Amino acid sequence: MNLKNYLLLPIFIALLALNGCSGSNDSDKSSASHNSVHSGIKVSDAWVAQKPDMTGVFGVVMNHTDKDITITGGTSEVATKVELHETVAAADGSMKMRPKPGGFTIKANSMHELAPGKDHIMLMGLSRELKPGEQLRITLELSNGDSLEFTAPVKPFTGAEEDYDPES
Ligand SMILES: [Cu+2]
């Protein structure tokens, strides 16, 4: 190895380390750049709860257009079926989730929050175990014929509202 390579090596390693971190750890801010804008509609702060069999996708959907847009369905590589759920109070007072009739309508120039205990995207029939930090690709179908694709990191979900840092 000549002297020039010797000097460059630490820089190269440092760059590799930086790259390695941005993908999988701490998903809050870095993941935002993976979300894409289509037809003026966007998903931000998206995340997926780490659960077996079926799980929820959460985040904020923003409609920057001057027309109402409805999310009518979706697909994901890890789910056999994607449903759009709402959470409602059952007769016995417990909270239950079920497919929302008609899907999620995001009013013109408004946002729609997807959160535990509220509306959410449900990934049904997961084909494999989800790992904290991995990025899942989700595609939503819109009422205007377009689709909205975004990526969401998997985060541990304990059932409580508390924050939990998946970094090991
Ligand atoms: Cu659900």
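Helices (H or I, at least four residues) and strands (E, at least two) are DSSP runs, numbered from the N terminus.

**Entry 1: getting my bearings**

I read along the sequence and found the pattern α-β-β-β-β-β-β-β-β-β-β in the protein chain. That comes to one helix and 10 strands. I kept in mind that this is a predicted model, where local features need pLDDT of at least 70, side-chain atom pairs count only at pLDDT 80 or more, and totals for chains, interfaces and linings use all residues. Residues are numbered from 1 along each chain as its sequence is written.

Next I looked up burial. A residue is buried if 20 or more other C-beta atoms lie within 10 Å of its own, exposed if 12 or fewer, and partly exposed in between, with C-beta atoms placed from the backbone. Buried residues make up 23% of the 168 residues in the protein chain.

Then I turned to contacts (two residues whose C-beta atoms, placed from the backbone, lie within 7 Å). Of the contacts in the protein chain with a separation of 6 or more, 64% are between residues 24 or more positions apart.

**Entry 2: which strands pair?**

I counted two strands as paired if DSSP finds at least two bridges between them. I started with S1 and S2, which pair in the antiparallel sense over six bridges. Here Ile-41 stands opposite Asn-63 in S2. S1 also pairs with S10, this time in the parallel sense over three bridges. In that pair I found Gln-50 opposite Pro-156 in S10.

Five bridges join S3 to S9, and the two run antiparallel; Ser-76 has Ile-138 as its bridge partner in S9. Three bridges join S3 to S6, again antiparallel, and Ile-71 is partnered there by Phe-104.

**Entry 3: the core**

Which residues have the most contacts inside the largest nonpolar core? I found Val-57, Ile-138 and Ala-152, in a core of 24 residues. Strands that each supply at least two residues of this core include S1 (41–50), S2 (55–63), S9 (135–142) and S10 (147–156). A nonpolar core here is a set of buried Ala, Val, Leu, Ile, Met, Phe, Trp, Tyr and Cys residues joined through C-beta atoms within 7 Å.

I followed Ala-152 further. Leaving out residues up to four places away in sequence, Ala-152 touches Ala-46, Trp-47, Val-48, Val-57, Gly-59, Gln-135, Leu-136 and Ile-138.

**Entry 4: a stop at Leu-114**

Leu-114 has its place in strand S7 (residues 110–114). Is Leu-114 buried or exposed? Leu-114 counts as buried because it has 22 C-beta neighbours inside 10 Å. Leu-114 and Phe-58 are 56 residues apart in sequence, yet their C-alpha atoms are 4.7 Å apart in space. Among the residues that Leu-114 touches, not counting those up to four places away in sequence, I noted Val-57, Gly-59, Val-61 and Ile-121.

Most residues other than glycine have a negative phi. Asp-53 has a phi of about 70 degrees, in a hairpin with four residues between the strands. Asp-53 counts as exposed because it has 9 C-beta neighbours inside 10 Å. For Asn-109, phi is near 50 degrees. With 13 C-beta neighbours inside 10 Å, Asn-109 counts as partly exposed.
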